[in-house]
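Colleague: Could you take me through this model, beginning with a ligand and then turning to the way the protein packs?

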Amino acid sequence: MSVNLTSAIKEICKFCGNDRTRMMDIVRAVQQQFGQVSDEAMNYIAKCVNCHRVEVESVVSFYVFLSKKQKGGVVIRLCNDVVDKMSGSEVVAEAFEKELGIKFGQTTPDGKITLEYAPCIGMCDQSPAALFNDEIITYLSTDKVKEVVADIKKHYDPSKLKHRLGDGHNADELVHSCVHNNIRNKGRVIFAEFKPEAGLKNALAMSSVEVINEVKNARLRGRGGAGFPTGMKWQFTRGAAGEKKYIICNADEGEPGTFKDRVLLTERADMLFEGMTIGGYAIGADEGILYLRGEYAYLRKFLEKVLADRRSRNLLGKDILGKKGFNFDVRIQMGAGAYICGEETSLISSCEGLRGDPKTRPPFPAQKGYLGKPTSVNNVETLCCVPRVLEMGAAWFVEVGSAGSPSTKLLSVSGDCKQPGVYEIPFGVKVSELLKMVGAEDAQALLIGGPSGQIVGSADFQRTICYDDLATGGAVVVFGPERDMVAVAADYMEFFVEESCGYCTPCRAGNVLLKKYLDKILTGCGEPEDLDILQKLGESVKITSRCGLGQTSPNPVLTTLKNFRKSYETKVKKTTNGMQPTFDIRKAVKGAETIAKRDSVIFVK
Amino acid sequence: MSKPKVATASLAGCFGCHMSVLDIDERILKLIELVDFDKSPVDDIKEFTGRCAVGLIEGGCANEENVRVLQDFRRHCDVLISVGDCATMGGIPAMRNNIPLKECLDEAYLNGPTVYNPSGIIPNDKEIPLCLDKVYPCHEVVKIDYHMPGCPPSADTIWQTLVALLTNKPVDLPYELIKYD
Ligand SMILES: Cc1cc2nc3c(=O)[nH]c(=O)nc-3n(C[C@H](O)[C@H](O)[C@H](O)COP(=O)(O)O)c2cc1C
Ligand code: SF4
Ligand code: SF4
């Protein structure tokens with residue numbers, strides 16, 4: 001083994017306290033430095049942190065940003081999300097292949113650039129977009145690909161790529177990104193003017209129980225998707241046995257079509273950390289973790305700086321704002337490209353330096369979470385609401401919104417609409433009103449709540465967006481009249497096939513089968529009974545899967561089957577000859593014909 | 001009234017499933033009372049003589065001849081049954097499915113440790129059916145009405161199934177007959 005590799009790994013492991021629960025940081029650092037985590041590297045890491053090699057490999061093999069195989073110094077990851085495809089990522093993909101002279105999945109012969117696809121990178125409102133290592137390039141076109149490839153070939157350093165700067169903190173020297181916030185509608189809670197520290201000061205003047213009660217009275221519910229009452233979650237965590245507790249902010253934001261947390265991390269970082277601090281005070285935690293998805297690594301330096309500033313202002317650290325005995329600090333845990341890590345128990349696994357496998361519940365994180373200690377996992381937006389609740393009071397917070405869903409919600413709107421971006425709207429808004437707001441009156445369909453939510457048609461446009469009707473973690477994707485909704489469902493299934501952690505069979509195999517049947521229908525081989533099979537299969541996967549991913553992944557199929565049945569029915573036809581329409585004898589014998597240098601005599605062309 | 005006809009075929013299988021059919025022992029006499037055999041290795045009838053009530057297929061499709069036979073069965077049989085794991089899932093032959101065809105042929109005829117082939121020729125005559133790109137389970141080639149798992153399914157399973165089908169009664173397969181671990 002090269003001296004270089006061993007000494008670097010030794011250094012990295014030492015920096016992480018030779019602590020195997022920091023495996024994510026260790027392997028990420030090795031990957032970054034060497035473009036791979038080789039067999040040798042894994043052996044040596046195992047030795048340094050005193051664990052089995054398989055524990056290292058299980059992490060490396062799980063996350064797409066990590067690889068055993070050598071990758072180029074520059075890895076280009078083009079987002080192939082549905083929305084990106086709608087805005088032309090397929091021609092952009094061809095342009096990349098042409099300019100680089102390689103196919104997706106390959107590395108240039110000089111070993112410098114690797115080209116890959118990535119699922120939704122949270123830039124749907126400025127798609128097509130791609131990652132160049134940690135840098136993000138948005139609004140790609142064939143011309144822009146030419147430019148940017150020529151640029152990167154000059155220095156092979158993504159941080160030197162020339163691009164315009166985005167608005168707000170995107171232009172901050174520590175972010176230095178072309179990403180735009182596209183904040184289209186400011187509501188009274190999140191994007192309104194707020195008084196920094198007012199909420200925290202009010203909280204610290206109260207007892208922890210009073211803080212929890214205030215949050216309960218505000219009827220704040222989780223904004224990450226599930227909508228669990230935040231006050232209750234905090235109460236459970238506070239009440240759980242044990243001294244040591246944690247609060248984790250879920251900034252994994254992997255649901256395709258969601259990007260509002262990215263805007264909050266950029267423009268409301270202080271508000272978020274204030275919310276975490278109040279949460280820490282409420283549940284009795286002195287440590288917080290911000291789990292930041294790997295795709296948002298470009299925000300890391302900036303967020304570290306915000307944390308450092310807060311420390312210097314005694315908003316983090318010991319005896320915060322003079323409150324004796326209240327100590328709290330936050331560390332950032334980077335993810336490495338895995339949607340499932342947004343699921344809170346997988347996220348905890350990942351923070352513990354493990355594969356992002358979900359854990360069996362119960363026990364719930366509030367009882368036994370990070371490192372076995374009571375843990376509250378909260379979404380970015382949820383935590384941003386907290387300082388406002390404490391600043392303005394619960395009564396103010398519930399003034400707007402609908403009965404079951406008080407206050408406002410951020411929506412990430414993208415797809416076939418004139419004004420994609422982030423909208424803060426009061427809960428209870430009608431779909432039709434939203435469509436008008438975003439410039440999409442001709443919409444055929446709407447994906448609400450990301451692919452794990454539902455795809456609805458015009459029959460549902462009079463329904464309202466709130467927890468009790470059309471619930472959403474924030475994603476809203478608009479599909480215009482020309483879109484083929486069966487193809488859309490198939491694209492989303494592709495996503496779930498890729499992102500299933502593989503732990504349980506219904507999800508691992510079921511999603512593949514669902515995708516296969518959709519492809520069968522899309523290639524004109526579908527038969528009427530396939531629709532029943534899809535329905536039954538989808539229901540089985542939902543009922544029998546182990547975690548939220550598999551329990552919702554068939555939704556794109558099931559909801560389009562229900563709301564766009566015509567689109568399916570026009571694509572299937574009955575066969576009567578007993579043959580399987582998907583079987584293609586020409587394709588099946590082609591390889592043998594080439595090898596034998598003769599044509600089939602049984603199946604004559 | 002003439003007896004219903006049964007046809008059987010072994011595609012990419014080991015004949016183990018056919019052996020299991022013969023394993024019904026003296027019940028074969030009863031079977032002969034119930035049915036006539038049409039195209040089948042059991043009576044060596046090579047081509048269908050007419051329509052059949054039931055077709056039993058052993059093995060999946062590894063080459064074009066398998067496909068031809070299977071499609072022929074589908075055209076002639078009212079009910080077509082995949083018998084055994086090779087027919088239902090590809091079985092052992094499908095282990096080649098992750099290896100390119102060329103590599104498989106080279107291993108079989110040139111590189112394998114037990115190969116003796118001084119001329120280095122890979123058999124290639126138009127009488128030899130071409131291999132498919134992979135081994136297909138039967139239901140990926142034609143519509144299959146029933147799948148009978150097992151390697152092979154036991155004689156009792158096959159018997160119970162056949163009798164139920166031929167006498168138009170619900171099939172009675174107790175747990176022991178469909179438990180495979
Ligand atoms: C597959 C899957 C992915 C998820 N991804 C996210 C995510 O990216 N961000 C998030 O906040 N919650 C996500 N969740 C929900 C979390 O498990 C959890 O409910 C949430 O973080 C709790 O925070 P909240 O109560 O503030 O919403 C996901 C859930 C599942 C099942
Ligand atoms: S449902 Fe899917 S993601 Fe969840 S545990 Fe099972 S395989 Fe993993
Ligand atoms: S299922 Fe078993 S017994 Fe039947 S053909 Fe295949 S290998 Fe032979």
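Modeller: In this predicted model, where local features need pLDDT of at least 70, side-chain atom pairs count only at pLDDT 80 or more, and totals for chains, interfaces and linings use all residues, ligand 2 is surrounded by 13 residues, each with a heavy atom within 4 Å of the ligand. The closest are Cys501(A), Tyr503(A), Cys504(A), Cys507(A) and Cys547(A). Residues are numbered from 1 along each chain as its sequence is written, chains are lettered from A and ligands numbered from 1 in the order in which they are written, and side-chain values use heavy atoms, with hydrogens and water left out.

Colleague: Which classes of residue make up the shell around ligand 2?

Modeller: The shell has eight nonpolar, four polar and one charged residues, where Ala, Val, Leu, Ile, Met, Phe, Trp, Tyr, Cys and Pro count as nonpolar, Asp, Glu, Lys and Arg as charged, and the others, Gly among them, as polar.

Colleague: How should I read a nonpolar core, and which residues touch the most other members in the largest one?

Modeller: In soluble globular proteins, nonpolar side chains tend to be buried together. A core here is a set of buried (under 20% relative accessible area, 1.4 Å probe, protein chains only) Ala, Val, Leu, Ile, Met, Phe, Trp, Tyr and Cys residues joined through side-chain atoms within 4.5 Å. The largest has 145 residues, of which Ile45(A), Leu290(A), Leu303(A), Phe479(A) and Tyr568(A) touch the most other members. A second, separate core of 26 residues includes Val589(A) as well as Val67(B), Cys77(B) and Ala87(B).

How values were computed:
Buried means under 20% relative accessible area, exposed over 50%, partly exposed in between (1.4 Å probe, protein chains only).
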